[in-house]
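Below are my notes on the model you sent. They are arranged as numbered points, for reading beside the structure.

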Amino acid sequence: MPNDTAALTRFRLQTDAHGILSTNWTSGDACSASWRGVGCINGRVTLLSLPSLDLRGPIDTLSGLDDLGILDLHSNRLNGSILPLANCTNLKLLYLSGNDFSGEIPGEIASLKHLLRLDISDNNLKGVIPVEISKLTHLMTIRLQDNVLSGQVPDLSAELPDLKELNFSNNLLTGKLPDEMQKRFGDKSFAGNAALCGSSPLPDCSLISSRNSSTPPPPTASAQTVVPSNPSSLPTMSAGTSSAPAPHDKGLGTGAIVAIVLGNVVALLVVVSFVVAYYCGRRYVEHSEENSNSNSNSKAGSDKGRNKVYSSHGGGGGGGDSDGTSGGSDRSKLVFFEKRSRFELEDLLRASAEMLGKGNLGTVYKAVLEDGSTVAVKRLKDANPCGRREFEQYMDVIGKLRHPNIVPLRAYYYAKEEKLLVYDYLPNGSLHSLLHGNRGPGRVPLDWTTRISLASEQL
């Protein structure tokens with residue numbers, strides 16, 4: 001006999017990061033101890049209702065609840081595939097809206113032959129609407145709105161006679177909308193799918209075909225899998241990182257909210273950047289010819305076959321700055337912003353390093369010092385973006401910025417042919433990778449709820 005209590009315990013351990021369920025989900029049997037949100041008949045779990053509890057993670061542990069009839073997990077942060085629920089063949093009511101589920105709607109959904117209401121709206125589901133839904137002949141409600149579903153709308157009119165409510169709005173659906181579907185459920189049920197055509201008020205399909213033949217088709221959404229959210233693991237924000245515009249209009253959906261919140265977070269940085277860019281740009285024009293000649297002399301050193309962070313003469317301590325002033329020994333040192341463990345420029349010069357990536361501003365290295373500590377060093381691409389004074393003023397502003405989700409500038413170095421920025425090293429990769437999906441082993445994008453949480457922290 002399946003052990004429903006063990007399945008629920010695994011679910012709690014995998015998804016209840018805040019310990020909300022631990023008040024009574026840690027004693028006795030799930031049914032006899034009347035666990036929160038759990039309903040039972042004859043010792044088997046038949047109901048699980050845990051909406052709006054900030055649960056996060058996959059739901060694969062629920063696949064063993066084969067007597068489950070009602071599952072309500074809406075408005076949480078659950079993610080991954082909904083495929084495990086195909087084993088819960090007694091489900092009648094399924095409410096999963098407002099989570100971060102991704103992947104396709106599996107054809108195995110046809111196994112839920114008793115299903116009356118299906119609500120998986122407001123997630124990140126992609127792919128086509130499977131024709132297997134037509135086999136769920138008892139369905140009265142289908143809510144698939146606010147996902148990234150694509151392909152054509154299947155005609156479900158004949159197969160689902162009991163269907164009273166249907167909402168496919170705000171997806172990426174294309175092609176001709178079946179007349180009977182449009183007539184039966186109304187235009188609002190399919191709004192927000194710009195490439196749909198059909199009877200008025202939808203665009204004429206011949207016009208859509210003509211337009212599509214002369215323009216490239218819109219990009220389809222890429223596959224996406226998300227992991228349990230952990231705001232504390234976010235690395236430093238990369239300058240210039242931006243998320244792609246939403247492929248279709250969902251009103252003020254999660255994408256729009258994230259864009260607004262991120263705009264508030266970086267507003268101060270943008271203002272500062274414009275001010276500094278004005279001064280640096282003016283200085284750069286005055287010295288562009290000198291910089292062009294001097295930059296050609298820079299060369300990278302090496303350490304036992306590994307990259308060094310800087311040019312072989314970059315930290316020498318004698319070169320004058322771009323203003324033509326002489327840089328004495330007191331001006332060739334690292335400038336720190338905090339009085340914690342420090343190191344000398346020579347420590348960086350001796351450190352072996354590996355390149356982490358290149359961007360518009362320069363190259364970032366992971367440098368391991370002789371004492372075993374690790375820092376991230378950005379070597380600016382343009383060795384002379386502006387004069388010393390303007391550069392130091394800019395660094396002073398950036399060095400004072402404090403935000404829980406931005407790694408602070410730890411130190412900087414200025415010389416005529418070398419400009420270095422030193423940060424604490426964080427091992428979780430770049431913000432760009434987390435937002436846009438470095439899909440190597442164990443690396444997956446952040447879910448939208450975490451992005452909002454991270455960005456909404458005050459500067």
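1. The count of salt bridges comes to 13. The model is a predicted one, and this total, like every other value in the note, is computed from it.

2. One of the salt bridges joins Arg-44 and Asp-66, with 2.6 Å between the closest N and O atoms. The pair connects distant parts of the chain, as the two residues are 22 residues apart. Arg-44 sits in strand S2, whereas Asp-66 belongs to the loop between strand S3 (56-57) and strand S4 (70-72). Arg-44 has a relative accessible area of 10% and is therefore buried, the limit being under 20%. Asp-66, at 27% relative accessibility, counts as partly exposed.

3. Why are Arg-388 and Glu-392 separated by about one helical turn? Because the two are four residues apart in helix H6. Arg-388 counts as buried, at 4% relative accessibility, while Glu-392 is partly exposed, with a relative accessible area of 28%.

4. Another salt bridge is formed by Arg-389 with Glu-390, whose closest N and O atoms are 3.6 Å apart. Here the arginine is exposed: Arg-389 has a relative accessible area of 51%, and that value is over 50%, so the residue falls in the exposed class. Glu-390, in contrast, counts as buried at 6% relative accessibility.

5. On the overall fold, the protein has eight helices and 22 strands. Its chain has 459 residues, of which 42% count as buried. Among the contacts with a separation of 6 or more, 51% are between residues 24 or more positions apart.

6. Nonpolar side chains tend to be buried together in soluble globular proteins. In this model the largest nonpolar core has 54 residues, and Leu-8, Leu-62, Leu-71 and Phe-168 are those with the most contacts inside it. At least two residues of this core come from each of helix H1 (4-15), strand S2 (44-49) and helix H2 (179-185). H1 gives the most to the core, namely three residues. Apart from this core there is another one, of 18 residues, which includes Leu-345, Ala-353, Leu-369 and Ala-415.

7. Which residues does Leu-71 touch, leaving aside those up to four places away in sequence? They are Leu-48, Leu-62, Leu-85, Leu-91, Leu-93, Leu-94, Tyr-95 and Leu-96. Leu-62 is also, with Leu-71 itself, one of the residues with the most contacts inside the largest core.

8. Rolling a probe the size of a water molecule over the atoms shows where empty space is left. Over the whole structure, the search finds two cavities of 30 Å³ or more. The second largest cavity has a volume of about 50 Å³. Its lining consists of Ile-82, Leu-85, Ala-86, Leu-94, Pro-106, Glu-108, Ile-109 and Leu-112. By class, the lining of the second largest cavity has seven nonpolar residues, no polar ones and one charged. Leu-85 and Leu-94 belong to this lining and are also touched by Leu-71.

9. A few backbone details deserve a look. The peptide bond from Ser-200 to Pro-201 is cis, with omega near 10 degrees. Pro-201 is located in the loop between strand S14 (195-197) and helix H3 (205-214).

10. Ser-34 is not a glycine, yet its phi is positive, at about 50 degrees. The residue lies in the loop between H1 and strand S1 (38-41). Is Ser-34 buried or exposed? At 53% relative accessibility, Ser-34 counts as exposed.

11. Asn-42 is another residue other than glycine with a positive phi, near 55 degrees. Asn-42 is found in the loop between S1 and S2. With a relative accessible area of 75%, Asn-42 is exposed.

Note on methods
Residues numbered from 1 in each chain as written. Predicted model: local features only at pLDDT ≥ 70, side-chain atom pairs only at ≥ 80, totals over all residues. Heavy atoms only, no water. Core = buried A, V, L, I, M, F, W, Y, C linked by side-chain atoms within 4.5 Å. Buried < 20%, exposed > 50% of the residue type's maximum accessible area, 1.4 Å probe, protein only. Contact = heavy atoms within 4.5 Å. 1 Å grid on protein atoms, 1.4 Å probe; cavity = no way out; pocket = protein on both sides within 12 Å on 5 of 7 lines; lining within 4 Å. Points joined across faces, edges and corners; volume = space filled by probe spheres on them. Nonpolar A, V, L, I, M, F, W, Y, C, P; charged D, E, K, R; others polar. Salt bridge = Lys/Arg side-chain N within 4 Å of Asp/Glu carboxyl O.
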